[in-house]
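Welcome! Take a moment to look over the sequence and turn the model around before reading on.

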Amino acid sequence: MADTKKTHLRRCCGCGTMKDKTQLIRIIRDSGGAVLIDDSQKRNGRGAYLCSCNECLETAMKKRGLERALRCSVDGSIYELIRGKIEAKQ
Ligand SMILES: [Zn+2]
């Protein structure tokens with residue numbers, strides 16, 4: 001495939017930095033309106049991205065960056081799931 005080396009830059013909704021999407025956690029809102037973490041990065045739905053660090057998670061919570069990116073409210077339990085994911089990576 002010719003495009004395998006193409007970078008897929010996405011913006012973190014915490015710090016606003018553009019990073020390759022493989023370095024970011026993908027959160028999506030699926031067609032049913034459910035917000036979930038997309039580990040496969042392949043699910044359909046409106047996606048938002050976040051660096052795998054607590055600082056960006058905190059910023060995203062404060063600025064409601066995730067809500068804005070997904071255009072829906074994000075339950076506190078989602079943030080807890082993301083936090084758990086970040087801590088598991090460290
Ligand atoms: Zn970030």
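## The zinc site

Donors are N, O and S atoms within 2.8 Å of the metal (3.2 Å for Na, K and Ca); water is not among the atoms, so sites may look incomplete. Along the sequence, the donor residues of the zinc ion follow the spacing C-x2-C-x35-C-x4-C. They are Cys12 (SG), Cys15 (SG), Cys51 (SG) and Cys56 (SG), at 2.2 to 2.3 Å from the zinc ion.

What geometry does the site of the zinc ion have? The site is tetrahedral, with angles of 101 to 113° among the four donor atoms. Four donors count as tetrahedral if all angles lie between 85 and 135 degrees.

## About the model

This is a predicted model, where local features need pLDDT of at least 70 and side-chain atom pairs count only at pLDDT 80 or more, while totals for chains, interfaces and linings use all residues. Residues are numbered from 1 along each chain as its sequence is written, and side-chain values use heavy atoms, leaving out hydrogens and water.

## Two helices side by side

Now look at helix H1 (residues 54-63) and helix H3 (residues 76-89): their axes come within 10 Å and cross at roughly 165°. That makes H1 roughly antiparallel to H3, a label for angles over 145 degrees. Here, helices are DSSP runs of H or I with at least four residues, and strands are E runs of at least two.

The contact (heavy atoms within 4.5 Å) involves Asn54, Leu57, Glu58, Ala60 and Met61 of H1 and Tyr79, Ile82, Arg83, Ile86 and Glu87 of H3.

## A strand residue

Ile37 belongs to strand E4 (residues 35-37). Leaving aside residues up to four places away in sequence, Ile37 touches Ile25, Arg26, Ile27, Leu81, Ile82 and Lys85.

Technical notes. Axes are lines fitted to C-alpha atoms, for helices over the stretch in contact, and angles run from 0 to 180 degrees between N-to-C directions. Angles under 35 degrees count as roughly parallel, over 145 as roughly antiparallel, 65 to 115 as roughly perpendicular and the rest as oblique. Four donors count as tetrahedral if all angles lie between 85 and 135 degrees; four count as square planar and six as octahedral if opposite donors are over 155 degrees apart and all others between 65 and 115; anything else is irregular.
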